[in-house]
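I opened my notebook to record what I looked up in this structure. Here are the entries, in the order I made them.

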Amino acid sequence: MDNSRNSHVLTDLQRAFVADFVATGGKNATASARSAGYSADSARQEGWRLLRKPSIQTAIQRERARAIDTEGATRAWAVIEGILDDVKVPYGIRFEAAKYIMSIAGHVPPREKTEDGSRDKPIEEMTVSELESLIRRHERAEEPAVGSSDASATETSEVEPSPSENDEKPAQAAA
């Protein structure tokens with residue numbers, strides 16, 4: 001019989017191996033093979049052999065994804081709820097957990113407007129000119145107050161760079 005067409009179909013022993021291997025964190029193929037029903041004498045060799053089969057590797061990946069999507073998500077949510085409800089957890093951590101929940105639910109506050117009227121955005125999405133503008137804003141914010149002895153030493157030319165071909169490309173592309 002040609003098994004090449006059915007190579008993705010696992011036997012009951014193989015399915016049991018995959019389930020145990022994922023449930024135990026993928027730490028011991030020999031123990032998972034024994035737990036699945038392979039003999040104690042052959043479990044080491046069978047575990048090693050099974051982990052090298054593409055159909056078993058695919059089944060392990062699928063089972064891990066399923067476990068994360070179901071039990072993993074449920075457990076993660078329980079942890080976040082525990083953090084939110086535990087008054088012994090520092091307020092800052094509870095606040096960050098609440099912000100995270102709100103953001104994944106799609107409730108994200110609008111970004112603040114900058115001096116030039118644009119919205120702040122992540123650095124990796126900024127163009128070269130936006131990055132230069134950000135640097136200038138921060139440099140101005142750190143300048144000493146007018147009349148201090150360091151004021152003349154920190155004054156620099158405020159000449160805007162001329163537009164270049166990189167201005168409208170994200171910074172990553174310009175680098």
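**Entry 1**

I started at Thr30, which touches Ala43 and Arg44 when residues up to four places away in sequence are not counted; contact means heavy atoms within 4.5 Å. This is a predicted model, in which local features need pLDDT of at least 70, side-chain atom pairs count only at pLDDT 80 or more, and totals for chains, interfaces and linings use all residues. Residues are numbered from 1 along each chain as its sequence is written, and side-chain values use heavy atoms, with hydrogens and water left out.

I found Thr30 in helix H2 (residues 29–36). Helices are DSSP runs of H or I with at least four residues, strands are runs of E with at least two, and both are numbered from the N terminus. I also looked up Thr30 against Ser42: they are 12 residues apart in sequence, and their C-alpha atoms are 8.8 Å apart in space.

**Entry 1: H2 against H3**

Next I asked at what angle H2 and H3 pack. I noted about 105°, with the axes 8 Å apart. Axes are lines fitted to C-alpha atoms, for helices over the stretch in contact, and angles run from 0 to 180 degrees between N-to-C directions. That makes H2 roughly perpendicular to H3; the cut-offs are under 35 degrees for roughly parallel, over 145 for roughly antiparallel, 65 to 115 for roughly perpendicular, and oblique for the rest.

On the H2 side I listed Ala29, Thr30, Ala33 and Arg34, and on the H3 side Ala43, Arg44, Gly47 and Leu51. By class, I have 4 nonpolar, 2 polar and 2 charged residues for the contact of H2 with H3. Here Ala, Val, Leu, Ile, Met, Phe, Trp, Tyr, Cys and Pro count as nonpolar, Asp, Glu, Lys and Arg as charged, and the others, Gly among them, as polar.

Is Ala33 buried or exposed? Ala33 counts as buried, at 0% relative accessibility. Buried means under 20% relative accessible area, exposed over 50%, and partly exposed in between (1.4 Å probe, protein chains only). Ala33 is found in helix H2, and leaving aside neighbours within four places in sequence, Ala33 is in contact with Phe17, Tyr38, Ala43 and Gly47. I have Ala33 and Gln45 at 12 residues apart in sequence and 9.1 Å apart in space, C-alpha to C-alpha.

I then turned to Gly47, which lies in helix H3 (residues 43–51). Gly47 is buried, with a relative accessible area of 0%. Not counting residues up to four places away in sequence, Gly47 touches Phe17, Ala29 and Ala33. Gly47 and Arg34 are 13 residues apart in sequence and 8.6 Å apart in space, C-alpha to C-alpha.

**Entry 2: H1 against H4**

I reminded myself that two packed helices are described by the angle between their axes and the distance between the axes. Helix H1 (residues 12–23) and helix H4 (residues 54–85) pack at about 50°, and their axes are 9 Å apart. That makes H1 oblique to H4.

Which residues make the contact? I wrote down Gln14, Phe17, Val18, Phe21 and Val22 of H1 with Ile56, Ala59, Ile60, Glu63 and Arg64 of H4. The contact of H1 with H4 has 7 nonpolar, 1 polar and 2 charged residues.

**Entry 3: H4 against H5**

H4 also packs with helix H5 (residues 91–104), at an angle of about 135° and with their axes 9 Å apart. That makes H4 oblique to H5. H4 supplies Trp77, Ile80, Ile83 and Leu84 to the contact, and H5 supplies Ile93, Arg94, Ala97, Ala98, Tyr100 and Ile101. I sorted the residues of the contact of H4 with H5 into 9 nonpolar, no polar and 1 charged.

After H5 comes Gly106, whose phi is positive, near 95°.

**Entry 4: The chain overall**

I finished with the totals: the chain has 8 helices and 0 strands. Of its 175 residues, 20% count as buried. Among contacts in the chain between residues at least 6 apart in sequence, 42% join residues at least 24 apart.
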